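Morning, everyone. One structure today, and I'll keep it quick. Have a look at it first.

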Amino acid sequence: HLHTKEDIIRIVREEDIEFIRLQFTDIFGQLKNVAITASQIEKAVNNQCMFDGSSIDGFVRIDESDQYLYPDLRTFRVFPWRPGHGKVARLICDVYNTDGTPFVGDPRDVLKRAIQKARDMGFDTFNVGPEAEFFLFQTDDEGKPTTKTNDEAGYFDLGPLDHGESTRREICMALEQMDFEIEASHHECAQGQHEIDFKYAEALHAADNIMTFKLAVKTLAQKNGLHATFMPKPIFGVAGSGMHTNMSLFRDGKNVFYDPNDERGLSREAYSFIAGLLRHVPGMAAITNPLVNSYKRLVPGYEAPCYLAWSASNRSALIRIPASRGQATRVELRSPDPSCNPYLAFAVCLTAGLDGIEKGLVPPAEITQNIYAMDPATREAHGIASLPGSLEEAIRLMEGDRLVLDTLGEHVANNYIEGKKKEWDEYRTRVSSWEREKYIINY
Ligand code: GLN
Ligand code: MG
Ligand code: MG
């Protein structure tokens with residue numbers, strides 16, 4: 001999709017588009033937008049739309065609050081779920097300062113800087129294929145989400161088409177109208193849990209796609225009287241929702257991770273990329289797994305990773321190498337969950353892998369056994385460490401990982417850590433129903 005400014009202005013007029021949403025993402029991964037009417041489209045494509053950055057969490061202070069939105073013209077799309085007349089379109093924007101420089105606190109800018117680092121090392125493309133899982137829940141009489149699913153299906157099940165499934169179908173069709181190439185869509189392990197996989201893309205585009213995907217899923221669920229959530233572990237005792245992240249690096253149109261002469265078909269760069277990820281996953285966790293609730297997913301028994309290990313196939317491992325080789329050779333990181341800010345998550349994944357390549361790191365031996373079934377002594381003998389067990393631990397590890405802090409930049413890192421510490425403190429001081437049930441009688 002290569003639109004010029006003139007194309008966009010013309011389409012808005014000809015297609016009876018009434019509103020255009022100028023979108024961007026705050027550092028905590030929340031999609032924000034300013035709606036303008038069609039009469040303002042010329043101003044918007046000429047980068048003249050301003051907003052108050054001090055009202056956005058973690059952006060700027062009140063005394064320096066004016067910021068500009070520079071639309072990325074390639075992201076112009078019409079929302080298919082809005083009415084045929086008085087249509088609504090969107091443009092994803094970069095955030096700029098009044099002096100015409102990019103705003104360092106814009107997550108899109110963080111990812112662009114990481115991509116530039118890869119280019120400086122000779123890698124022209126970083127491709128990302130995310131697999132975001134989610135739950136569809138019923139709503140109550142007031143429209144509030146419940147945790148009821150009214151769905152008996154499990155992984156890949158083909159039941160009688162239930163409400164959840166027909167909603168998923170609608171989501172896929174809407175996404176295709178927005179130029180997504182849907183590769184697969186299926187029921188996941190848990191009741192009410194779904195996955196829709198779309199084609200990988202260059203990282204910035206892939207992160208934009210995740211933001212669009214979440215909006216489409218939530219909007220269409222609501223239209224069908226359901227509530228969609230990307231919360232990582234909504235229900236105790238059943239699988240949580242992950243966002244497996246498939247990654248590959250290209251140089252001159254060739255997949256750098258592929259080497260036909262290696263026993264596993266992987267290049268030295270691929271091994272080093274894996275080693276870099278393993279080194280930084282603990283320090284990245286506060287980004288890839290940003291919520292208190294994220295750490296309730298990272299427990300044994302639900303196909304979510306808990307230990308720092310890699311494997312060519314084993315699904316209990318944190319890093320897996322899917323079977324395809326050649327141009328499709330890729331590294332799958334299984335820790336991220338869909339509540340993360342995809343721009344920041346892909347940025348830290350990339351620079352972690354690049355760090356491995358730059359330093360020529362070599363990963364430890366591949367683990368082929370089921371790690372969940374190992375006792376702590378066996379894990380220790382294999383040198384397998386654990387992922388952080390809580391948001392608090394993850395924040396501490398992030399503060400100690402120079403590479404992660406540098407990738408985010410001081411502005412984002414400071415604001416992010418401050419926000420997450422507050423979130424942890426809010427949680428830490430609450431008394432939960434589990435505690436009352438456990439203690440109120442016995443003590
Ligand atoms: N839901 C699992 C997770 O939390 C993944 C299951 C799967 O895709 N095989 O990561
Ligand atoms: Mg899945
Ligand atoms: Mg997967």
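Start with helix α3, residues 107-120. Its 14 residues should span 20 Å at 1.5 Å a residue, and its end C-alpha atoms are 20 Å apart, so the two agree. The expected span here is 1.5 Å times one less than the number of residues. Helices are DSSP runs of H or I, at least four residues; strands are runs of E, at least two; both are numbered from the N terminus.

Before going on, some ground rules. This is a predicted model: local features need pLDDT of at least 70, side-chain atom pairs count only at pLDDT 80 or more, and totals for chains, interfaces and linings use all residues. Residues are numbered from 1 along each chain as its sequence is written, chains are lettered from A and ligands numbered from 1 in the order written, and side-chain values use heavy atoms, with hydrogens and water left out.

Back to α3. Which of its residues are buried? Pro-107, Arg-108, Asp-109, Val-110, Leu-111, Ala-114, Ile-115 and Ala-118. Buried means under 20% relative accessible area, exposed over 50%, partly exposed in between, with a 1.4 Å probe and protein chains only. The cover over those residues includes β1, β6, β10, α5, α8 and α11. Just after α3, Gly-122 takes a positive phi of about 95 degrees.

Now step back to the loop between β6 and α3. Val-104 sits there. Val-104 has 42% relative accessibility, so it counts as partly exposed. Leaving out residues up to four places away in sequence, Val-104 touches Asp-109, Val-110, Arg-113, His-411 and Val-412. Contact means heavy atoms within 4.5 Å. From Val-104 to Arg-297 is 193 residues along the chain, and their C-alpha atoms are separated by 32 Å.

Next, Gln-193, in strand β9, residues 193-198. Buried or exposed? Gln-193 is buried, because its relative accessibility is 1%. Beyond four places in sequence, its contacts include Glu-133, Phe-134, Phe-135, His-187 and Glu-188. Ala-239, Gly-240 and Ser-241 are also among them.

Finally, the whole chain. It has 12 helices and 16 strands. Of its 443 residues, 54% count as buried. Along the principal axes, the C-alpha trace spans about 65 × 55 × 50 Å. Among contacts between residues at least 6 apart in sequence, 70% join residues at least 24 apart.
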